[in-house]
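Here is a walk through one model, from its strands and helix to its ligand. Keep the 3D view open while you read.

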Amino acid sequence: MKIIVTGGCGFIGSNLVRHLLDSPEHEVLNLDKLTYAGNPHSLADLADDPRPARPRHLDLPARDPR
Ligand SMILES: NC(=O)c1ccc[n+]([C@@H]2O[C@H](COP(=O)([O-])OP(=O)(O)OC[C@H]3O[C@@H](n4cnc5c(N)ncnc54)[C@H](O)[C@@H]3O)[C@@H](O)[C@H]2O)c1
């Protein structure tokens, strides 16, 4: 399954990414705004995993503008 995780460089998100990648059938796209709380090194141990779990920076609005 292909799964998008937001905030995957944070405390809960990084553990979720790691848990999902324990299953070989999952691919994870991690979209993280990399705020002060985001640490891209929290997923450094997955750097050799060929599946795309490494963070992509995404500057999402904090609130729905509508
Ligand atoms: N840790 C807890 O015990 C706990 C308990 C209840 C609820 N929550 C909620 O769960 C969520 C995650 O908690 P956490 O402890 O992992 O937080 P955290 O601060 O460790 O991580 C949050 C991550 O989200 C990223 N982020 C922030 N805004 C973003 C955006 N607009 N788009 C994409 N990424 C964004 C940050 O860069 C960071 O990597 C928070 O909303 C928190 O309020 C946490």
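A residue counts as buried if 20 or more other C-beta atoms lie within 10 Å of its own, and as exposed if 12 or fewer do. The model is predicted.

Start with α1, residues 11–20. Its buried residues include G13, S14 and V17. Seen down the axis of α1, the buried residues fall within an arc of 100°, so they line one face of the helix. An α-helix has 3.6 residues a turn, so residues three or four places apart point the same way. On its other side, F11, I12, N15 and H19 are exposed.

What covers the buried face? The cover over the buried residues of α1 includes β1 (2–6) and β2.

Now look at the strands. β1 and β2 run parallel and pair over five bridges.

Move on to the ligand. How many residues surround the ligand? The count is 17, and the closest are G7, G10, I12, A37 and G38. I12 is also on the exposed side of α1. Both α1 and β2 (27–32) supply at least two residues of the shell. The largest share, three residues, comes from α1. By class, the shell has nine nonpolar, six polar and two charged residues.

How values were computed. Residues are numbered from 1 along each chain as its sequence is written. This is a predicted model: local features need pLDDT of at least 70, side-chain atom pairs count only at pLDDT 80 or more; totals for chains, interfaces and linings use all residues. A residue is near a molecule or strand if its C-beta atom, placed from the backbone, lies within 6 Å of it. Helices (H or I, at least four residues) and strands (E, at least two) are DSSP runs, numbered from the N terminus. Ala, Val, Leu, Ile, Met, Phe, Trp, Tyr, Cys and Pro count as nonpolar, Asp, Glu, Lys and Arg as charged, and the others, Gly among them, as polar. The arc is that of the directions from the helix axis to the C-beta atoms. Two residues are in contact if their C-beta atoms, placed from the backbone, lie within 7 Å. Two strands pair if DSSP finds at least two bridges between them.
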